[in-house]
Amino acid sequence: MMISKELLLTYFYLLVYIVLSSGVILYNKWVLSPKYFNFPLPITLTMIHMGFSGLVAFFLIRIFKVVSPVKMTLEIYATCVIPISAFFAASLWFGNTAYLFISVAFIQMLKALMPVATFFMAVICGTDKLRCDVFLNMFLVSIGVVISSYGEIHFNVVGTVYQVTGIFAEALRLVLTQVLLQKKGLTLNPITSLYYIAPCSFVFLFIPWYLLEKPEMEVTQIQFNFWIFFSNALCALALNFSIFLVIGRTGAVTIRVAGVLKDWILIALSTLIFPESTITTLNITGYAIALCGVVMYNYLKIKDVRASQLPVDTMLDRTAKELKMEKKSSHLYLPDDNADLGGNSTKNGSSDPMVDEEAPLIPSTRISHLGRSNLSS
């Protein structure tokens, strides 16, 4: 059986995403760690990423006209872009700072808390409801992370707090993106996102950099290698584009599965590249429990999405069939509410008792949302 070129290209994009995602994390750890490149300035590194990404996005939009900028008003920028950029900057700052204190493997295990943080932030912001089945999954994830943390040999409270804080900042950013941008009807692809958000995040990062890292840079001799930081920023930029390519060809479900596979690969690679990343049996057991909760959570979310799409598809098919029936039998008229074409009776007088029940479930906004699901997922 021959594999189509489209399928091979999709697998290639998935492979590129996994390689780049793992590579950026390992590269950041190597640059920041005092044992290796010894550049213990996570805010500076993050600012380099934001400055480089914003500059590339500017050239792609304004100079080369690869994509067109969206209609951005001062109100949208002040109420949407600024708060999203603030939490984006905070998540990157705290997440990169954690590399100074804890191992890459343990960081990936802590990242299993992301669905928990996102769910509770969504409930607080009113975009999701507190459900028993989802709550039990979140509890299972939390238990798994606690077990994994208990089994960590080089457990560090400061690094763990930084990482968990970064996770909740990223969760709040995701929820704010849904609440603020989607309500404005604004859709940003990776290039336009970097164009608007990267410069604003750079400004937010400048404040803690000036207070925390600038004095250290003045008194400590810091080595700076242009090609190291250029290649590091280039990898981070390429990762953003690879995510866009994968989602555009497969959807959010596939990238979630690829993310789980990437986490396991990254945990294994980190133990080989960084000898201090020791993994215990309790680590793996706890992470496996947390991963079961994450997989069940993803299953529930996918099930909810399919359930919301099913009435639309069913109704559209049924409407098409009814139009064909009207063309074939437009001369028939049955005034009797208790009779149908087949001589059977129904409670609501319709030949299909489900039509009246499903009709209210199909607002026009839901149909338009399905058309842009790949961009907003």
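Predicted model: local features only at pLDDT ≥ 70, side-chain atom pairs only at ≥ 80, totals over all residues.

User: Where is Ile63 placed?

Analyst: Ile63 is in helix α2, which covers residues 42–63.

User: Which nonpolar surface patch is Ile63 part of?

Analyst: Ile63 makes up a patch of about 590 Å² together with Leu55, Phe58, Phe59, Phe64 and Val66.

User: Back to α2. How do the axes of α2 and α9 cross?

Analyst: Helix α9 spans residues 226–249, and the axes of α2 and α9 come within 9 Å and cross at roughly 60°. The two helices are therefore oblique to each other.

User: Is that crossing left-handed or right-handed?

Analyst: The crossing of α2 past α9 is right-handed.

User: New topic. Where does Gly126 lie?

Analyst: Gly126 is in the loop that runs between α5 (114–125) and α6 (132–150).

User: Buried or exposed, that Gly126?

Analyst: Gly126 is exposed, because its relative accessible area is 60% and the cut-off for exposed is over 50%.

User: Last one, the overall picture. How many helices and strands are in the protein chain?

Analyst: The protein chain has 14 helices and 0 strands.

User: And what percentage of the residues count as buried?

Analyst: The figure is 40% of the 377 residues in the protein chain.

Terms used:
Residues numbered from 1 in each chain as written. Heavy atoms only, no water. Patch = residues over 30% accessible without salt bridge, like charges linked within 9 Å, V, L, I, M, F, W, Y side chains within 5 Å. Areas by Shrake-Rupley, 256 points an atom, 1.4 Å probe, with all protein chains shown as cover. Salt bridge = Lys/Arg side-chain N within 4 Å of Asp/Glu carboxyl O. Helix = DSSP H or I, 4+ residues; strand = E, 2+ residues; numbered from the N terminus. Axes fitted to C-alpha atoms, helices over the stretch in contact; angles between N-to-C directions. Parallel < 35°, antiparallel > 145°, perpendicular 65-115°, else oblique. Left-handed = near helix turned anticlockwise from the far one by under 90°. Buried < 20%, exposed > 50% of the residue type's maximum accessible area, 1.4 Å probe, protein only.
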